[in-house]
Amino acid sequence: MTINAPLLSRIMEIEKDWIDYNGHLNMAYYNVLFDRCSDEAFELMGMGPDYASARRLTIYTAEVHVCYVRELHLGDRVRVSFNLIDHDDKRLRAYQEIHHLDGWLAATSETLSLHIDMAGPRVAAFPDDIRQRVEAVRAAHRALPMPERAGRSIAIRRKSN
């Protein structure tokens, strides 16, 4: 298995139905782009639709932090990156960026995902074969610097007098 660091999605184009009344990509659809890239990454790690249907195990999102950096518009073409920045036996922490094909940053996302046994549903440890694939992706991504925007929190910064 060849593992790119970071993983890069296929090229995606902003669709007409995703544009809001302000004339740019609605905030919800940034998450669609991030999610589509995550699905590609999860498939690489062995946790795609076949995994869910055959083994009744899947991934749920527990927490997401999105930063909107620059507007996207109808017809813009983007690529999304996926960097696995941490994991344990049940969870994945990923950092993603949406880049316009011209190279500029449109948005970032940091996500905590849970491995789920659908019989519960309940959080469950990765099976050994999946854990090995997760560890292989993390090993490839460990060489990447920690993203500057990872670990951010929401706050109103006040000027001190």
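Trainee: Where does Thr111 lie?

Mentor: Thr111 sits in strand β6, residues 105–117, a strand being a DSSP run of E with at least two residues, numbered from the N terminus. Before we go on, this is a predicted model, so local features need pLDDT of at least 70 and side-chain atom pairs count only at pLDDT 80 or more, while totals for chains, interfaces and linings use all residues. Residues are numbered from 1 along each chain as its sequence is written, and side-chain values use heavy atoms, with hydrogens and water left out.

Trainee: What joins the side chains of Thr111 and Ser109?

Mentor: A polar contact of 3.5 Å; the term asks for N or O atoms within 3.5 Å, and within protein one must be able to donate a hydrogen and the other to accept it, with residues adjacent in sequence counting only if both atoms are side-chain atoms.

Trainee: And why is Tyr51 called buried?

Mentor: Tyr51 is at 5% relative accessibility, so it gets that label. You'll find Tyr51 in helix α2, residues 49–55, helices being DSSP runs of H or I with at least four residues.

Trainee: How far apart are Tyr51 and Ile130?

Mentor: They're 79 residues apart in sequence and 10.0 Å apart in space, C-alpha to C-alpha.

Trainee: What makes Asp39 partly exposed?

Mentor: Asp39, found in helix α1, has 43% relative accessibility, so it counts as partly exposed.

Note on methods: Buried means under 20% relative accessible area, exposed over 50%, partly exposed in between (1.4 Å probe, protein chains only).
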